[in-house]
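Dear colleague,

Please find the structure below, passed on for your own work. My notes on what was found in it follow directly after.

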Amino acid sequence: PAPQGVPHYLTHADLSAKEIYNLLASAIQHKHNVKYLNKSSGAPLAGKTLAVMFSKRSTRTRVATESSVTYLGGHPMFLGSQDIQLGVNESLLDTSKVVSSMVDGIMARVGSHSDIETLAKYSTVPVINALSDKYHPTQILADLMTLHETYGPQPSSPSSYVAHQTHPSKTLPGLRVAWIGDGNNILHSMMVTFPKLGIGLNVATPKGYGPNEEIIRHAQSEAKSTQTHLMFSSDPREAIKDADVIVTDTWISMGQEEEKAQRIKDFAGFQITSQLAKEGGAKSDWKFLHCLPRKQEEVSDEVFYSPRSLVFQEAENRKWTILAVIDALMVKKSFD
Ligand code: CP
Ligand code: NVA
């Protein structure tokens, strides 16, 4: 196994609330510096390489990662499933030892979560989870950043960004989020993050599509210690009650394409519409999040393209949050 002390970023279950807030505060500061002050990074990653090993498609995560490494003065080396032997013709153990001996960080998008755990176990450099079948942690940072920008201090004009003036630990606790959809990697990541930060979570999944039992127990124990609301149901209306934010994701994650017809049948009644939100009793000014890519079956156009929808701001914030994660792991070498 790799030397102790190399920080990895695989799931927020491994991080404290303070470490998650530090990443958010850093992302918000980066957005202010780069987008609004046009500051240069000083190229702290000059001469360094991040191997970006993706065995599944990506738009947001890949663009955010490559542009962030470029901003920091390093080289993002994209290695797709057709390019390298990522567990296909060579074991992950061997791949991890070889690649980590030549680069300064690894960001990987994998199928099974155990693949990213194996990469981290044998890597001598930091490993970042860019999505696995169990977790998608960088996505949740972008969601939290977007909620902070929405519920925190508001700028007096579009060009005066003020989100960095208030810490997200002041604006996020007490919000209530309703997840209406599949018990998938995005939901799991919210479950290991929100209760820890004091953000209430209502979950509605169709029968047979609930989240991982072990992650339910983990979330329940966190919710108990932070005294945060957490509820599971198979009724979307019940979960929507009093929600500030309604969130969903595709019903058919990458790798589940063959289940499409069955899933569309089983998720009947789960499409997010204004009507559903009204019937369920969401707060009148409820907001909508979706990690994208989006299909129409899980959310109607009238919600997705409405002023309630934060999805494009959320997508942009993938950039600033991934920049913060790369900065923490490859430059600061710590989450502190
Ligand atoms: N939300 C997200 O991870 O998008 P990509 O799959 O396009 O990276
Ligand atoms: N649940 C989706 C998220 C895509 C960003 C998937 O795993 O395909």
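Predicted model: local features only at pLDDT ≥ 70, side-chain atom pairs only at ≥ 80, totals over all residues.

The residues surrounding ligand 1 are S58, T59, R60, T61, R109, H136, Q139, C291, L292 and R318. On the oxygen side, a polar side-chain atom of R318 lies 3.0 Å from an oxygen atom of ligand 1. Taken alone, ligand 1 exposes 250 Å², of which the protein buries 95%.

Ligand 2 has L131, N184, N185, D249, S253, M254 and L292 around it. An oxygen atom of ligand 2 lies 2.8 Å from a polar side-chain atom of N185, and a backbone N or O atom of M254 lies 2.8 Å from an oxygen atom of ligand 2. D249 places a polar side-chain atom 2.7 Å from a nitrogen atom of ligand 2. On its own ligand 2 has 270 Å² of accessible area, and the protein covers 94% of it.

**Backbone geometry**

Most residues other than glycine have a negative phi, and most peptide bonds are trans. L292 and P293 are joined by a cis peptide bond, with omega at about 0 degrees. Q227, in the loop between α9 and β7, is a residue other than glycine with a positive phi, near 55 degrees. K333 is not a glycine either, yet has a positive phi of about 55 degrees; its place is in the segment after α14 (311-332).

Helix α9 (residues 213-226) has 14 residues and reaches 20 Å from its first C-alpha to its last, close to the 20 Å expected at 1.5 Å a residue. Its buried residues are I215, I216, A219, E222 and A223. They cover an arc of only 130 degrees around the axis, so they lie on the same side of α9. Cover for these buried residues includes α7 (185-191), α8 (194-197) and β7 (230-233). The face of α9 turned away from the buried side carries the exposed residues E213, E214, R217, K224 and S225. At the start of α9, a side-chain oxygen of N212 comes to within 2.8 Å of the backbone nitrogen of E214. After α9 comes Q227, with the positive phi already described.

Helix α5 (residues 137-151) has 15 residues, which should span 21 Å at 1.5 Å a residue; its end C-alpha atoms are 21 Å apart, which agrees. In α5, 13 of the 15 residues are buried, so that the helix is mostly covered.

**Individual residues**

N129 lies in strand β4 (residues 127-129) and counts as buried because its relative accessibility is 0%. Which backbone atoms lie close to polar atoms of the N129 side chain? The backbone oxygen of L10 lies 3.0 Å from one, and the backbone nitrogen of S132 lies 3.4 Å from one. Leaving aside neighbours within four places in sequence, N129 is in contact with Y9, L10, A108, H113, I116, Y135, P137 and T138.

S26 lies in helix α1 (residues 17-36) and counts as buried at 12% relative accessibility. Not counting residues up to four places away in sequence, S26 touches A324, D327 and K332.

D301 lies in helix α13 (residues 301-304) and is partly exposed, with a relative accessible area of 35%. Its contacts, leaving aside neighbours within four places in sequence, are R294, Q296 and S306. D301 and I272 are 29 residues apart in sequence, and their C-alpha atoms are 9.6 Å apart in space.

With kind regards

Note on methods. Residues numbered from 1 in each chain as written. Chains lettered and ligands numbered in written order. Heavy atoms only, no water. Helix = DSSP H or I, 4+ residues; strand = E, 2+ residues; numbered from the N terminus. Buried < 20%, exposed > 50% of the residue type's maximum accessible area, 1.4 Å probe, protein only. Polar contact = N/O pair within 3.5 Å; in protein donor to acceptor, adjacent residues only side chain to side chain. Contact = heavy atoms within 4.5 Å. Expected span 1.5 Å × (residues − 1). Arc of directions from axis to C-beta. Near = heavy atom within 4 Å. Areas by Shrake-Rupley, 256 points an atom, 1.4 Å probe, with all protein chains shown as cover.
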